[in-house]
Each structure stands twice: as C-alpha cells, then as structure tokens.
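Let's walk through a structure together, one feature at a time. Have the picture open while you read.

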Amino acid sequence: MTPDASALRLEARGIHHAFGDLVVLDGIDLDVPAGEVLVLVGPSGCGKSTLLSILGGMLKPDGGQARMRGAVAADCLNALTYVFQDFSLLPWRSVAGNISLVLEGTRLSAAERQRRIADMLALTGLSAFADAWPRQLSGGMRQRVGIARALAVNPAVLLMDEPLSALDAQTRALLLDELAAIIARAGVTVVYVTHNLSEAALLGHQIVVLSRRPGRVREILRIDRPLGERRASDPDLLSIEERLWALIRDDAAEADREIEHV
Amino acid sequence: MSEHDAPVPFRAGGFLPREHPLAGAATLIALLLLWQAGASLGWFSTAFLSTPIGIARALISLAASGELWVNLAASLQRLAIGWVVGTLGGLAVGVAVGLFTLARSPGMALVSALFPIPKIALVPLFIIWFGIGEGSKDVTLAFGVFFPTVINTMAGIDAVPRALIRMGQSFGLGRWAILRKIVLPGALPAILAGFRITTSTAIILLVAAEMIGAQHGIGAFVLEAGNLYDIDNLMAGIVLLSVIGLCTSWLIGRVERALLGWR
Ligand SMILES: Nc1ncnc2c1ncn2[C@@H]1O[C@H](COP(=O)(O)OP(=O)(O)OP(=O)(O)O)[C@@H](O)[C@H]1O
Ligand SMILES: [Mg+2]
C-alpha cells in the first residue's frame, strides 16, 4: 500500500430502523476493518439495502449510529462511494461523461480529470466506448461504467448493493473476477450486498448473515485467505457456501412454520 | 382430433404501417391540383373559396407592396416576446414547484385556479390594464404560455428518477450541480414536449389578440380582409399562420434532435 492510501474502517453500532410500523433493522453491530470486504447476505426484504444506505449516509437510522474511523487519502474525492444495482448512469451523458460527472467541481484540474477518466476507462476495459451512450451498452458494460465511476473518485469505502445481480450468469462470473482483482489491488474497504453465495465466499473476509425481518445479525463467518488466492471451486469456499445456504434455508423454514401457526 | 400435414402458416403480418414521404407530398400536390382544377372548371365560386393560384398571387403582391413584411414582423415580434417571457417565467416557477416543498402547494393551487381560464377572455382585461399597444398582446401570450410550461416542467422534474438524484448526492455533488446536471437534463424531454403545446397556444392567442385590437399583425390583416370580403388575402393570411406553425414545430424538432440525441 502506498503511504497515501486511505485506511478507513466502518462501524455500525446498535443500528435500528423502521419504516412506519415495519421494523426492518433491529440492533445491528458490525465492524468493517480498513481494507477488508464485508459481505451482507440474508433473505429478501431483511433490510440489507436499508443497512447499506445507513452505512453510506443516505438514510438516517431511527436509532444507533454508523461511524467511520481512520485516514482518508489526500486524493480521495468521495470517501463513501456506492456502486448501484441498477447502475444509475445518466442516460444523457456518454460513458466518459458519466465518469466526468463525479470529478467536475472537484479540485482536480481539467487535465487531471481527463487523465483519471482515461485511466478508469482503461482499467475497466471501456476505452473504446468513451463516447458511447449508456443505452448502447450491454448490462455488463454499464456496470463497468458504474464501477469505473466509483473508482474514479479514489474511494476509501466502496458500498455495493448487488452490483452484479442485473447481469447474466456468464457476464457476472467474468466481472466478479475483475471486481475481486480491483478490490485486492485498490485496498479499499468494501461492504458488499448479494444474494449469490459463491460471490459471498469469493469476496468476503467477513460474511454477515442477517435474519429475516426484523434484520438482526444471525451469524458472521470469516475467511482470511487473500482474495487473489480464491477460486470458486475451492473446497473450503464450497463448504462455506453450503453453511450459508443452510443458515438461510433454516430461516425460511422457520418463517413457513410461523405462517402455518397464524 | 385432426390430422395435419402442411407448412406452418405465417400469422404475424400487418399492423406495421411504414412511412412513404413521397406519398405524403404527392397527396398534398394532388389535392392542390384538384382544388385549382375545381375552381377553373367552375365547380365552386371563388367568391367563397380562393384558389391556390389566387393565394399565391395575393402573397406575391403583399410581399411586393411590403405589407406582408410589416404584418409578419409585428406578429413574429409579439410571438417571440410573449413566448420567451412566458416560457422563462413558467420554467422558473415549474422548477420551484418541482423542487421545493415550500413552493409546491401554493404554486399548484395558483396554477390549478388560473389555468382553466380561457386566456382569450382576458384580452379585453389586459387591454384595460396594459393599453391597446404591444403590452396587452405580449402579456396575453406570456400568460397563455406560462401555465402549460409550469405544468410540463413540474411533471418533467417529477419524472426524473429519484435514484439518479440520490446517486448525485452520494457522490457529493452540490445542489446546484444536481439541478443543472441531473434534474434539468432529466426533465428536458417533457419540457421540450411542452414547447410544442405552448408554441401552438401562442399562435392561437396571437391571432385572437391581434383581432381584438391591433393595427398590424397577421390576425388584424385576416380580420380586415374578411371585413372586405377579400377572400384571396384572407386565405393568404391563414396560409401565413400555418407556415409559422410549421416553422416553429420544425425548429422544435431540430432542437429535440440536437439535445435529445441520447434517447
Ligand atoms: N423507503 C421505504 N419505505 C417503506 N418501506 C421500505 C422502504 N425501503 C424499504 N422498505 C421495506 O423495508 C424492508 C427491507 O427493505 P430492503 O430493501 O432493505 O431489503 P433487502 O434486504 O435489500 O431486500 P432485497 O434482498 O430484496 O434487496 C422491505 O420489507 C421493504 O419493503
Ligand atoms: Mg436490496
């Protein structure tokens, strides 16, 4: 790591949130050490997106607090940066323009901006599409733009809500490999929401299983092996996937039993 | 049960009309020829319906005498001033209503209350308030253009996906940058669609205002020709109005193509 890299940890303390009468999150405590990847899994509707919004300051929790601690690099333009499930690209801006959006109005000079845009396009393999409109791109390429845009601000923390779930299986597998490489290289802190358990095992240092609503931390699994040394077919990762699946399935089965009793 | 041994029949034909620009032009030309022939053969009296040649002659002599340019200039100036003022006002109020809680309900109440008034009915009132000169005409047009612009701008802003605005905020963009780079471009298709409505509204109000009290202008010219039973000039005026309408919609089409190429 260069001396000027960010080292920001993220902490959730007693986070509680309800939408009206619907309690979504109930006492969430989490720690994301600097440079680690925390993966959030859990049944649909358990509050993963809600928690991610709270962690990035896009939603005020009813109770508890999200904190960030540590150093942010001088050339970091936006410490807490999202990659969105639906990409959220501006359709009226070209690929380069979408990346430029988040660099305009910052302290970067025009030349530095152009250089960063070119770097990010090269990193994500989009150089040939700099002037294309988003509608002309495939889903996988659109999410590459989303990733390029997020990396352009040199974030300290990446918050990703199912970034690959809108993509087909092949594209997802390819982009996942690239994402793992980029995360390992950039040394950013990451919170990653997914339904895909093999993504969880490939990317996570911690895998946090949330219970069905109201979301509570049900279990935290740790994998300490570096991301670069993980393969989807590794037996230890496969057994972790199975364990995750068992946890989520038990939860669903319990829910079914409760419904029968109603 | 029934036995089959036949090629699968094609069933997905039709319902796909295609454009033939030449066919469109040919239709119009044929109609004009028929119209002219009808008059030449005495099928109808040219005292009640002019002919294409009669209208063309009237236009040429109007252009030669300079009367055409005086009236055209007066009308176009009113159209430009009234439309621009009404549009700028409408955009400002529409953005405020679209963005700010404080402006929303008061603005909408005002628009809902005043929008249904037929603006032509206000011309006499505006003449009392602003005089018989240019003021009353400009205000009439601006007033008529203002309300649809407010409504379209607000609807356009409402239709901008909130996710895009949140995206901008999540990257730390300021309010002004979000307005300029996300909200307004997102609302632009609706705003430009509104321009099509407001330009035709403006032409209708222009003619009405000019007919009620103006020396020059195409509306006044048409009215005068009517009073004199000068059917050629009357219809020449109508042709001019439709040409103005065509030109504005062509212009808006160009602007749309230039600004909305991303769609
Ligand atoms: N803005 C909101 N207003 C009201 N209810 C909401 C809102 N956002 C989310 N909810 C509700 O909160 C619950 C948790 O939503 P959330 O999107 O966080 O779940 P999730 O775990 O991300 O689900 P998924 O895996 O399907 O993405 C859901 O029941 C949802 O209906
Ligand atoms: Mg979600």
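Q: What volume does the second largest cavity have?

A: Before the number, here is the general idea: rolling a probe the size of a water molecule over the atoms shows where empty space is left. On a 1 Å grid over the protein atoms alone, a cavity is a set of points where a 1.4 Å probe fits but cannot get out, while a pocket is an open set with protein on both sides within 12 Å along at least five of seven lines; lining residues have an atom within 4 Å of a point. Grid points are joined across faces, edges and corners, and a volume is the space filled by probe spheres set on the points. The second largest cavity comes to about 30 Å³.

Q: Before we go on, what should I know about the model and its numbering?

A: This is a predicted model, where local features need pLDDT of at least 70 and side-chain atom pairs count only at pLDDT 80 or more, while totals for chains, interfaces and linings use all residues. Residues are numbered from 1 along each chain as its sequence is written, chains are lettered from A and ligands numbered from 1 in the order in which they are written, and side-chain values use heavy atoms, with hydrogens and water left out.

Q: Which residues line the second largest cavity?

A: Look in chain B for Leu62(B), Glu67(B), Leu68(B), Asn71(B), Ile218(B), Phe221(B) and Leu240(B). Helix 3 and helix 9 (218-227) of chain B each give two or more residues to this lining, and helix 3 of chain B gives the most, with 3 residues. Helices (H or I, at least four residues) and strands (E, at least two) are DSSP runs, numbered from the N terminus. By class, the lining has 5 nonpolar, 1 polar and 1 charged residues; Ala, Val, Leu, Ile, Met, Phe, Trp, Tyr, Cys and Pro count as nonpolar, Asp, Glu, Lys and Arg as charged, and the others, Gly among them, as polar.

Q: Where does the largest cavity lie?

A: Domain 1 (1-73 + 156-232) and domain 2 (88-154) of chain A both give residues to its lining, so the largest cavity lies between them. Those domain bounds come from an automatic or database domain assignment. The volume of the largest cavity is about 40 Å³. Its lining includes Thr124(A), Arg144(A) and Leu175(A), and helix 5 of chain A supplies the largest share, 4 residues. Sorted by class, that lining has 4 nonpolar, 1 polar and 2 charged residues.

Q: How much space lies in the second largest pocket, and what lines it?

A: About 410 Å³ of space lies in the second largest pocket. There are 14 lining residues, and Leu99(B), Ile165(B), Arg175(B), Ile178(B) and Val183(B) lie nearest the centre. Helix 8 of chain B contributes the largest share, 5 residues. The lining splits into 8 nonpolar, 2 polar and 4 charged residues.

Q: Now for strands: is strand 7 of chain A buried or exposed?

A: In a regular strand the side chains alternate between the two faces of the sheet. Buried means under 20% relative accessible area, exposed over 50%, partly exposed in between (1.4 Å probe, protein chains only). In strand 7 (residues 189-193) of chain A, 5 of the 5 residues are buried, so the strand is largely enclosed by the rest of the structure. Thr189(A), Val191(A) and Val193(A) are on one side, Val190(A) and Tyr192(A) on the other.

Q: Which strands does strand 7 of chain A pair with?

A: Two strands pair if DSSP finds at least two bridges between them. Strand 3 (residues 37-41) of chain A runs parallel to strand 7 of chain A, joined by 4 bridges, with Leu38(A) opposite Val191(A). Strand 6 (residues 157-161) of chain A is also parallel to strand 7 of chain A, with 5 bridges. From strand 6 of chain A the chain crosses through helix 5 (residues 169-186) of chain A to strand 7 of chain A, a right-handed β-α-β crossover; right-handed means that, with the strands pointing away from the viewer, the path from the first strand over the helix to the second runs clockwise.

Q: What joins strand 8 of chain A to strand 9 of chain A?

A: A hairpin does, through 6 residues. Strand 8 of chain A and strand 9 (residues 217-222) of chain A run antiparallel, with 5 bridges.
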